Amino acid sequence: MANYYQKELETMPRQELEEMQLQKLKQQVRHVYQNVPYYRAKMEEKGVSPDDIQSLSDIAKLPFLTKNDLREAYPYGLLGAPLSQCVRIQSTSGTTGKRVVAFYTQHDIDLWEDCCARALVAAGCTSEDVVQVCYGYGLFTGGAGMHGGAHRVGALTLPMSSGNTERQLQFMQDLSSTMICCTPSYAEYLIESMKEQGITPQDTTLKAGIFGAEPWTEEMRHEIEESLHINAYDIYGLTEISGPGVAFECQAKSGMHICEDHFLVEVIDPDTGEVKPKGEPGEIVFTCLDKEAFPLLRYRTRDIAVIKYEPCSCGRTHVRMSKPMGRSDDMLIIRGVNVFPSQIEAVLLTEGYCANYQIVVDRVNHTDTLDVYVELPPERFSDTIKNLSALENALASAIRTMLGIGAKVHLVAPKTIARSEGKAVRVIDKRKLH
Ligand code: ADP
Ligand code: ZN
């Protein structure tokens with residue numbers, strides 16, 4: 001049976017939800033106009049005032065915010081509340097190389113932690129659970145968000161942070177963790193370490209895991225679920241909007257419900273900025289409806305995804321977003337072809353390889369080169385070594401079929417690609433370094 005943390009809000013009839021969104025939006029635009037001179041100037045430049053917002057679709061009249069604005073306004077330019085009312089700062093992990101700082105009032109922390117609690121409860125968490133949080137603590141939002149969410153549910157919270165794998169595995173067994181929260185790549189690392197140490201799923205009491213903060217595939221979900229004998233759920237978020245929990249999977253595991261009572265979602269064409277017709281893929285844009293300290297309006301995430309509007313079997317009425325298919329700024333252009341690292345990952349996983357890989361792009365004699373380093377799974381290592389080049393060719397041809405461009409594949413010994421305790425480093429683009 002479906003479990004909710006805030007049933008009334010999570011299952012609110014659409015019409016009521018949209019009325020609430022409109023009321024919050026009007027209030028929020030006024031709040032920002034009055035308190036954030038940076039955004040007010042942008043509104044004035046576009047000739048739009050708070051009175052122009054009379055329906056939800058009027059949001060399209062408002063200017064966008066981008067990561068560039070965040071950099072320009074760094075650190076205080078987008079503050080919507082006096083610093084004396086702020087209680088926390090968090091910062092992005094810098095996937096795209098530029099740090100962003102976000103501010104929170106206690107109200108903002110509360111609503112963020114509520115979203116994380118919704119995600120935990122949707123994954124089956126109750127006050128009986130022991131939640132092992134192995135996202136990094138500190139400036140990164142992963143640890144703080146899931147920690148706060150687990151407290152709200154009343155679960156016993158194990159604030160492990162990332163790293164120290166041996167201690168993670170020992171506490172997981174000694175303290176009977178039932179749920180785990182970390183990046184999917186760290187989950188894979190834990191699984192590898194368990195195998196090495198001869199720890200089986202029966203040695204743990206884990207029942208579910210919530211994995212996010214970076215892209216992962218359905219194939220990885222199956223691998224994690226089978227190796228740990230758990231249910232694995234996806235969670236999405238970004239520091240600029242609050243952190244993890246902006247969207248999360250329910251037991252249907254078919255898209256992540258966006259917490260629409262707090263975050264209004266739009267899908268736009270990343271090239272023109274036009275709003276896309278319902279159901280088409282595009283760049284996800286969020287408007288914070290009730291945040292005080294960092295009230296971003298129409299923030300362009302660069303994440304490309306599709307929104308599902310159909311009702312969900314869990315009873316939640318909030319729309320669902322697909323896994324991001326890539327970031328419009330992570331997109332590699334190799335020999336003129338748009339390549340998302342997730343496409344290469346999908347090929348590797350369908351061909352039976354693990355997700356430990358690294359993509360290296362370079363430019364030699366004015367031509368782009370694409371090298372994919374892939375670890376052989378331990379069980380395939382010894383008996384296939386003599387067929388290495390045949391395997392490499394087969395993989396290269398599968399990648400060519402997917403991308404339309406050639407790649408050089410290098411199969412390497414298990415555990416030779418550096419592991420990450422947070423987000424994995426999947427792509428090295430040496431062209432930027434020249
Ligand atoms: P950044 O990585 O930009 O420095 P964050 O640490 O806040 O900042 O990361 C937010 C980004 O992480 C999102 O915009 C998205 O690209 C990625 N992300 C977060 N959760 C997921 C997820 N479940 N699946 C895929 N990508 C995700
Ligand atoms: Zn659902």
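1. Zinc site. In this predicted model, the zinc ion (ligand 2) has four coordinating atoms: SG of Cys250, NE2 of His257, SG of Cys312 and SG of Cys314, at 2.1 to 2.3 Å. The angles among the four donor atoms run from 102 to 115 degrees, and the site is tetrahedral.

2. Spacing of the donors. Along the sequence the donor residues of the zinc ion (ligand 2) follow the pattern C-x6-H-x54-C-x1-C. Cys250 sits in the loop between strand 8 (244-249) and strand 9 (256-258), while Cys312 sits in the loop between strand 13 (307-308) and strand 14 (320-321); the pair therefore ties together parts that are 62 residues apart in sequence.

3. Are Cys250 and Cys312 buried or exposed? Cys250 has a relative accessible area of 1% and is buried. Cys312 has a relative accessible area of 10% and is also buried, since the cut-off for this class is under 20%.

4. Glu225 belongs to helix 9 (residues 218-228). Its relative accessibility is 16%, so Glu225 counts as buried, the cut-off being under 20%. The side chains of Glu225 and Lys253 are joined by a polar contact of 2.6 Å. Leaving aside residues up to four places away in sequence, Glu225 touches Lys253 together with Ile230, Asn231 and Ala232.

5. Helix 10. Which residues of helix 10 (residues 341-350) are buried? They are Pro341, Ile344, Glu345, Val347, Leu348 and Leu349. After helix 10 comes Gly352, with a positive phi near 90 degrees.

6. Leu395 and its surroundings. Leu395 is part of helix 12 (residues 388-403) and is buried, at a relative accessible area of 1%. With residues up to four places away in sequence not counted, Leu395 touches Val347, Leu348, Glu351, Tyr353, Val374, Val409 and Leu411.

7. How far apart are Leu395 and Leu120 in sequence and in space? Leu395 and Leu120 are 275 residues apart in sequence, and their C-alpha atoms are 38 Å apart in space.

Technical notes:
Residues numbered from 1 in each chain as written. Chains lettered and ligands numbered in written order. Predicted model: local features only at pLDDT ≥ 70, side-chain atom pairs only at ≥ 80, totals over all residues. Heavy atoms only, no water. Donors = N, O, S within 2.8 Å, 3.2 Å for Na, K, Ca; no water. Tetrahedral: all angles 85-135°; square planar, octahedral: opposite > 155°, others 65-115°. Helix = DSSP H or I, 4+ residues; strand = E, 2+ residues; numbered from the N terminus. Buried < 20%, exposed > 50% of the residue type's maximum accessible area, 1.4 Å probe, protein only. Contact = heavy atoms within 4.5 Å. Polar contact = N/O pair within 3.5 Å; in protein donor to acceptor, adjacent residues only side chain to side chain.
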